[in-house]
Amino acid sequence: MSYVISTFCYVGCIGRMPGTWGSLASLAIWAPLVLLNASPPIRLAFILFVFLIGWWATHHSRHQFKSLDPKEVVIDEVAGMGLTLAFCPADISSIVAAFLLFRFLDIVKPWPISWVDRKVKSALGVMMDDMVAGLIGAVILSLLV
């Protein structure tokens, strides 16, 4: 079960760009919450749930991979994408902007994302760099909107 969760139902096993595919697939969860205008506390509760189950799944599945931060593990992108969308307005253009912003931050990893990525070497670290990217993305998106 931890493998299925950490790879977000095997989306992370797609050979090329698994982080992008994981972020895109996560919109199946997050876009309805945004478009149905779920309140921020509901969104944040769901993000916390995804983060906690993702942390557990990553901890229990990492031994099956050849890396401390396996590319196949994309539940971190799911949680981070959710955080970017936590306060997003209920429109498609904002969701697209959030997706592009989160992917940019996750790929480029400006400080402090890069610091977390380098310093926290555990399942928590796998999850946290994407959460920091998601938080920064949420702040930038809020300023843009």
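Analyst: We will take the pockets, then a surface patch, then the salt bridges.

Analyst: This is a predicted model, in which local features need pLDDT of at least 70, side-chain atom pairs count only at pLDDT 80 or more, and totals for chains, interfaces and linings use all residues. Residues are numbered from 1 along each chain as its sequence is written, and side-chain values use heavy atoms, with hydrogens and water left out.

User: How is a pocket defined, and what volume does the largest pocket have?

Analyst: On a 1 Å grid over the protein atoms alone, a pocket is an open set of points with protein on both sides within 12 Å along at least five of seven lines, whereas a cavity is a set where a 1.4 Å probe fits but cannot get out; lining residues have an atom within 4 Å of a point. Grid points are joined across faces, edges and corners, and a volume is the space filled by probe spheres set on the points. Here the largest pocket has a volume of about 230 Å³, and of its 17 lining residues, G19, K71, E77, R103 and D106 lie nearest its centre.

User: Which helices supply at least two residues each of that lining, and how does the lining of the largest pocket divide by class?

Analyst: Helices (H or I, at least four residues) and strands (E, at least two) are DSSP runs numbered from the N terminus, and those supplying at least two lining residues each are α2 (18–35), α4 (75–84), α5 (92–108) and α7 (123–144). For the classes, Ala, Val, Leu, Ile, Met, Phe, Trp, Tyr, Cys and Pro count as nonpolar, Asp, Glu, Lys and Arg as charged, and the others, Gly among them, as polar; the lining of the largest pocket then has six nonpolar, two polar and nine charged residues.

User: What does the lining of the second largest pocket have by class?

Analyst: The second largest pocket, with a volume of about 160 Å³, has a lining of 11 nonpolar, no polar and no charged residues, including F8, F46, F49 and I75. The largest share of this lining, four residues, comes from α3.

User: How should I read a nonpolar surface patch, and which residues make one here?

Analyst: Patches are made of residues with over 30% relative accessible area and no salt bridge, like charges being joined within 9 Å and nonpolar side chains (Val, Leu, Ile, Met, Phe, Trp, Tyr) within 5 Å; accessible areas come from the Shrake-Rupley method with a 1.4 Å probe, and for residues only the protein chains shown count as cover. In this model I14, M17, W21 and L24 make a nonpolar patch of about 360 Å², and I14 lies in the loop between α1 and α2.

User: Which residues are linked in a network of salt bridges?

Analyst: A salt bridge is a side-chain nitrogen of Lys or Arg within 4 Å of a carboxyl oxygen of Asp or Glu, and the count comes to four. A network links R103, D106, K109 and D129: R103 meets D106 (2.6 Å, N to O), D106 meets K109 (3.1 Å, N to O), and K109 meets D129 (3.1 Å, N to O). This last pair links distant parts of the chain, 20 residues apart, with K109 in the loop between α5 and α6 (113–119) and D129 in helix α7.
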